[in-house]
Amino acid sequence: MSSDKVSTQNNTLKSDKNALGEDYCLELNGGEILIQALLDQNVEAVFGYPGGVVLGVYDVLFKNPQLRHILVRHEQGGTHAADGYARATGKVGVALATSGPGATNTVTGIATAFMDSIPLVVFTGQVPSSMIGNDAFQEADIIGITRPITKHSYLVKHPDELGDVIKEAFHIAAAGRPGPVLIDLPKDMLFSKGRYYPNRTPRFRGSYRIKQDASKAISSAAALLAQAQRPLIYAGGGVVSGNAWEELRELAYKTGAPVTTTLMGLGAFPESHSQSLGMLGMHGTWAANMAIQECDVLVAIGARFDDRVTGRVADFSPKSKKIHIDIDPACINKNVHVEVPIIGDVKTILPELTRLVPELETREWYREIEHWKATHPLRYQQSGDDIAPQYMIQKISELTKGEAIVVTDVGQHQMWAAQYYQYNHTRSWITSGGLGTMGFGFPAAMGAAVGCPGRPVVAIVGDGGFQMTSMELATAVDQKIPVIIAIMNNGYLGMVRQWQELFYGKRYSSSDLDASNPDFVKLAEAYGAIGMRAKTPEEMHNAIQQALQVNDRPVVIDIWVRKEENVYPMVPPGAAVHEMVDTPD
Amino acid sequence: MTDPEIPSAESSHILTIKVSNSFNALARIAGLFSGRGFNIDSISIGESERPETASCTITTHGDTRIVEQITRQLDKLVDIEEVSDLTNEPHVSRELALIKVAAPPETRSEIMQIANIFRSNIVDISPATLTIEITGNRNKVDACIGMLRPFGLKEVARTGMIAMPREYQGSV
């Protein structure tokens with residue numbers, strides 16, 4: 001009661017318009033409603049690119065500089081940047097593109113966000129309503145194209161609808177299991193007058209409705225866990241998106257159960273803690289993968305039993321009874337059968353579970369775990385003047401004291417960045433886990449830097465992936481975004497080469513980039529960024545230290561690493577998790 | 001999946017869906033089935049008791065896990081208000097078919113007798129054809145089409161099943 005009163009008073013003080021209540025109405029054109037509604041949603045930044053049908057919006061933006069618009073150099077970079085912003089801040093990311101090719105360029109970014117459950121609202125221009133379906137200039141059925149990769153989408157035909165649609169879209173993007181929402185804006189709608197009710201809350205249709213009471217399932221889970229002798233917590237991206245890392249820690253600390261995280265869950269549990277086993281899965285640690293096969297009760301939290309985690313699914317964690325906490329009912333029993341499903345928000349469920357479980361007797365279990373850790377640690381050789389790629393990651397971890405936001409592309413460097421950077425904070429590890437999008441890293445890092453000014457942001461990318469979106473250097477220079485781009489340059493599409501070495505008889509088909517790679521230092525300088533090259537450990541150390549001092553522009557560090565290093569441990573495709581191959585000594 | 005606890009036998013299921021009355025909603029439903037590799041045996045959709053809402057009936061098949069996935073994935077769509085699996089509940093289901101069959105004078109009366117047995121209506125006649133309208137559950141429609149096939153089917157159009165739960169579920 002009392003808190004209601006306070007918030008009402010605050011709102012009244014904040015702005016007069018709120019005193020006018022739900023009937024307060026503005027007569028604006030569609031473009032103005034769009035910008036006003038974004039300001040009312042407290043949007044800090046829009047990553048966009050203009051074009052024919054959205055010029056009306058850009059005209060309104062010109063007159064409203066209080067809404068920061070970041071001009072990207074390709075619409076794919078726009079959606080990735082909005083995605084990186086959302087992952088780093090926990091807020092909804094916003095991207096804007098014109099119709100046709102502008103809209104289709106956003107597709108990879110939308111699919112990336114969809115696979116990793118990231119809240120985005122993407123606005124696309126559309127040809128005038130009367131011309132839709134006529135194969136007009138720059139027309140694409142973007143609603144149709146993106147239907148399988150959005151949570152929901154809207155074609156707004158009248159500006160009267162726009163305000164409510166935007167409110168609903170922000171709600172849907174963030175509610176339940178988050179995801180991208182697309183709003184298609186025909187040109188004529190943007191120019192015609194409509195009514196915008198800033199204070200009206202539309203009746204949100206929920207894609208997310210908790211239908212059952214979880215308390216019974218929670219007691220069953222607690223009873224099961226209480227009997228465990230070899231418990232294991234397997235935490236995924238849902239702990240990050242549900243902001244439940246503290247609740248996870250409390251469960252882990254009270255029970256004493258060891259914790260492994262997925263690629264998406266890195267940072268949800270501090271890796272410096274003795275209960276941490278690090279990452280599991282295809283390139284997970286030996287201890288984590290053995291533990292998942294040997295545990296007797298597995299508690300999956302906000303994770304989806306992805307094929308990169310389960311290996312051969314028939315032999316996944318065969319000795320365990322499984323508890324699965326997830327906000328998305330469709331994730332339950334999708335890949336792996338579980339005994340106790342709990343559907344709901346991890347943030348509310350974990351404390352209830354923690355309250356009901358006792359401290360577990362796990363000394364025997366930890367003896368086994370310590371044995372695995374001691375006999376099969378993550379390891380590599382660093383000697384002489386060349387740079388082991390793993391050493392590069394460790395050095396970045398050390399020099400940033402584990403406090404940077406690390407953003408990656410996809411491939412070997414991504415796996416090493418997952419293994420060798422020590423993540424102790426949540427939302428400090430940003431990677432395209434589900435879709436595996438090369439070219440994601442650098443633009444997503446820009447978005448993270450925009451959302452978290454003052455924190456060091458390091459994009460760890462490969463020489464292949466960086467070239468897919470390197471044009472965003474212009475954006476970062478233009479907007480003075482201080483991102484460090486650490487290129488792990490081995491002259492190969494490293495993960496492709498690794499698979500070709502191991503499974504395709506060393507036939508390196510189309511994976512050798514060395515001869516055709518550009519001079520990345522000159523490339524950086526051509527854009528007005530700082531470029532540095534490091535070929536020895538000492539040069540690398542100095543370059544990273546220098547780069548960390550820069551706060552007004554991007555820095556590209558071209559780090560030449562040992563060329564034919566492989567990522568281990570590795571669960572070979574089709575194998576069970578415990579059949580993983582460790583680093584050859 | 002080799003888990004013994006999950007029955008793997010495939011069976012037919014009848015799903016009824018309350019969904020907002022828009023083309024985009026129908027496209028999302030159909031796209032979900034094609035995109036995730038689910039089966040649609042029949043689909044029918046039309047306005048419900050409220051003009052802003054459509055009622056959609058889908059018949060599909062798969063094992064328990066697949067059908068559970070289908071209903072849960074459907075349930076996530078923002079446009080969908082409610083999904084029910086009527087398969088194991090008392091329900092009424094009907095399908096309508098129009099069957100144009102070759103009917104020269106020498107077989108015409110025999111065809112009319114068959115139509116009569118199925119309590120179907122003859123809705124069009126020409127010197128060489130009869131068009132029969134039949135309503136019933138899918139088995140009845142299948143049986144009727146099967147009986148008429150030897151006479152020469154010219155054209156068949158079926159609505160797909162529509163279904164709703166029975167209101168009085170106790171014993172009489």
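In which order do the six strands of the open sheet in chain A run? Keep that in mind as you open the model, which is predicted: local features need pLDDT of at least 70, side-chain atom pairs count only at pLDDT 80 or more, and totals for chains, interfaces and linings use all residues. For your selections, residues are numbered from 1 along each chain as its sequence is written, while chains are lettered from A and ligands numbered from 1 in the order in which they are written.

**Stop 1: the sheet of chain A**

Select the strands in the order β16-β15-β17-β18-β20-β19 of chain A, and you have the open sheet, with parallel pairing. Helices (H or I, at least four residues) and strands (E, at least two) are DSSP runs, numbered from the N terminus, and two strands pair if DSSP finds at least two bridges between them. At the edges you will find β16 (429-430) and β19 (530-534) of chain A, each pairing on one side only. Now zoom in on β17(A) and β18(A), which run parallel and are joined by six bridges.

**Stop 2: a covered helix**

Select α19 (residues 412-420) of chain A, where eight of nine residues are buried. A residue is buried if 20 or more other C-beta atoms lie within 10 Å of its own, exposed if 12 or fewer, and partly exposed in between, with C-beta atoms placed from the backbone. Among the buried ones are H413(A), M415(A) and W416(A). Show their surroundings too: the buried residues of α19(A) pack against elements including β15 (405-408), β17 (457-462) and β18 (483-489) of chain A.

**Stop 3: backbone details in chain A**

Go to Y568(A) and P569(A), which are joined by a cis peptide bond with omega of about -5°. P569(A) sits in the segment after β20 of chain A.

Then compare two residues with positive phi. D135(A), not a glycine, has phi near 55° and lies in the loop between β5 (120-126) and α8 (142-146) of chain A. F305(A), also not a glycine, has phi of about 50° and lies in the loop between β12 (297-301) and α15 (307-310) of chain A.

**Stop 4: across to chain B**

Show both chains: 14 residues of chain A are in contact with 18 residues of chain B, where contact means C-beta atoms, placed from the backbone, within 7 Å. Chain B itself holds four helices and nine strands, and 24% of its 172 residues count as buried.

Colour domain 1 (11-85) and domain 2 (91-165) of chain B separately; these bounds come from an automatic or database domain assignment. Their C-alpha centres lie 28 Å apart. Seven residues of domain 1 of chain B are in contact with eight of domain 2 of chain B. On the domain 1 side, β2(B) gives the largest share, three residues.

Terms used. Two residues are in contact if their C-beta atoms, placed from the backbone, lie within 7 Å.
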